[in-house]
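Colleague: Before we go through this entry together, could you put the structure up, so that I can ask about its pocket and its charged pairs?

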Amino acid sequence: MKPSSHDRRMSNRNNGLALALSAILVAQPAVAQTEPAVQPAVVEYAPVGPWTVDYAEDSCALFRKFNDGERELWIEFRQIAPDSMARVLIGGSHLVLTEAEPHVTIYPGREAFDHWAKTFTSEDGSVRAIITSLYLHLLQSGEPSVQGDADEVAPDPLPEIAGIQIARAFDQTVAIHTGEMDTPVQALETCMTDLVRTWGIDPEELERAVTPPVPEFEKQWRARVRNYYPRTGLHRSRNTRFPVVLLVGPDGRVARCRSPNALGDEDFEAVACAALTRFARFNPAVDGEGEPTYGFWSTFMVYVTT
């Protein structure tokens, strides 16, 4: 599944779809409402073709199409940093969005989780999608990662997943039969390792970090960053909240900045990242020998008109 080096600067045919979506989709924040008394029927979607890996210039993604025998939807997992949350896009031209918060279940053996999400509709109404995020380890089998008392009994190993179910987001409950995800996720991790090398960083250097970057004078530089509100958003009186992932160098400065969920908020991402690169300062990550090294730091940026 790994392309040759000359493919690094080229996106496959699925990246073209992702870029097209990012250009045409308009964000519409999901609004919580009371769960309907009558639940829609579960519609099952089987895979169409294999998973493909998108080697983009600043991210890596898994992409696959599914259909219910007549209609087609697609799912994309896109990652912008190793071990970070992956952006999840699920969409199709026939799906009808609701105003309810989505209810996502990864089955079998995983607990359902309700997660922040946005909905998207293309200007011509031909594409409807939800965007959310998750850690890829939730898709893998084996020993689950847990935090807590060392004396606690370890949970049972997670089985290979069979699929993902999304309720309440659409006018139908969608059951996507992904099959096992260990192999696709490993391919995505290989892509991310290669991507880090293109940034001029040894992936092993990232793995040697034992403490993450720590912000310095965070309150002060956050206030300065918030002053850089994009004119496009100001004209439309837009408020937004979106995550950003920063790669902090050994010098404590921001080396890279991206948002995994910026679809529909690209103008905010560009302005926020430019300001963060200029103003944000950190005590850098430290390796096992106490030397400063590269590390990632994540946060949410909030822009509100007054």
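Colleague: By class, how many nonpolar, polar and charged residues does the lining of the largest pocket have?

Modeller: Please keep in mind throughout that this is a predicted model. The space in the largest pocket comes to about 680 Å³, and 26 residues line that pocket, with Pro82, Asp83, Ser84, Glu207 and Phe296 the closest to its centre. Sorted by class, the lining has 15 nonpolar, eight polar and three charged residues.

Colleague: Which element supplies the largest share of the lining of the largest pocket?

Modeller: Several elements each supply at least two residues of that lining, namely helix 2, helix 3 (203–207), strand 11 (209–211) and strand 18 (295–303). The largest share is five residues, and the element that provides them is helix 2.

Colleague: Turning to charged pairs, where do glutamate 76 and arginine 87 lie, and how many residues apart in sequence are the parts that the pair ties together?

Modeller: The side chains of these two residues, glutamate 76 and arginine 87, meet in a salt bridge with an N to O distance of 2.9 Å. Because glutamate 76 belongs to strand 4 (residues 72–79) whereas arginine 87 belongs to strand 5 (residues 86–92), the pair ties together parts whose separation in sequence is 11 residues.

Colleague: Is glutamate 76 buried or exposed?

Modeller: Buried means under 20% relative accessible area. Arginine 87, the partner in the salt bridge, has a relative accessible area of 8% and is buried. Glutamate 76 has a relative accessibility of 3%, and therefore counts as buried.

Colleague: And how does aspartate 68 count, with a relative accessible area of 23%?

Modeller: Aspartate 68 forms a salt bridge with arginine 71, at 3.0 Å from N to O. Arginine 71, at 33% relative accessibility, counts as partly exposed. For aspartate 68, the value of 23% likewise makes the residue partly exposed.

Colleague: What separates arginine 197 and aspartate 194 in helix 2?

Modeller: Their side chains meet in a salt bridge at 3.2 Å, N to O, and aspartate 194 is buried, with a relative accessible area of 14%. Since both residues sit in helix 2 (residues 182–198) and are three residues apart, the separation between arginine 197 and aspartate 194 is about one helical turn.

Colleague: Which residues do salt bridges that share partners join into one network?

Modeller: The structure holds nine salt bridges, one of which pairs glutamate 76 with arginine 87. Through shared partners, salt bridges join four residues into one network, and these are Asp54, Glu76, Arg78 and Arg87.

Technical notes:
Residues numbered from 1 in each chain as written. Predicted model: local features only at pLDDT ≥ 70, side-chain atom pairs only at ≥ 80, totals over all residues. Heavy atoms only, no water. Buried < 20%, exposed > 50% of the residue type's maximum accessible area, 1.4 Å probe, protein only. Helix = DSSP H or I, 4+ residues; strand = E, 2+ residues; numbered from the N terminus. 1 Å grid on protein atoms, 1.4 Å probe; cavity = no way out; pocket = protein on both sides within 12 Å on 5 of 7 lines; lining within 4 Å. Points joined across faces, edges and corners; volume = space filled by probe spheres on them. Nonpolar A, V, L, I, M, F, W, Y, C, P; charged D, E, K, R; others polar.
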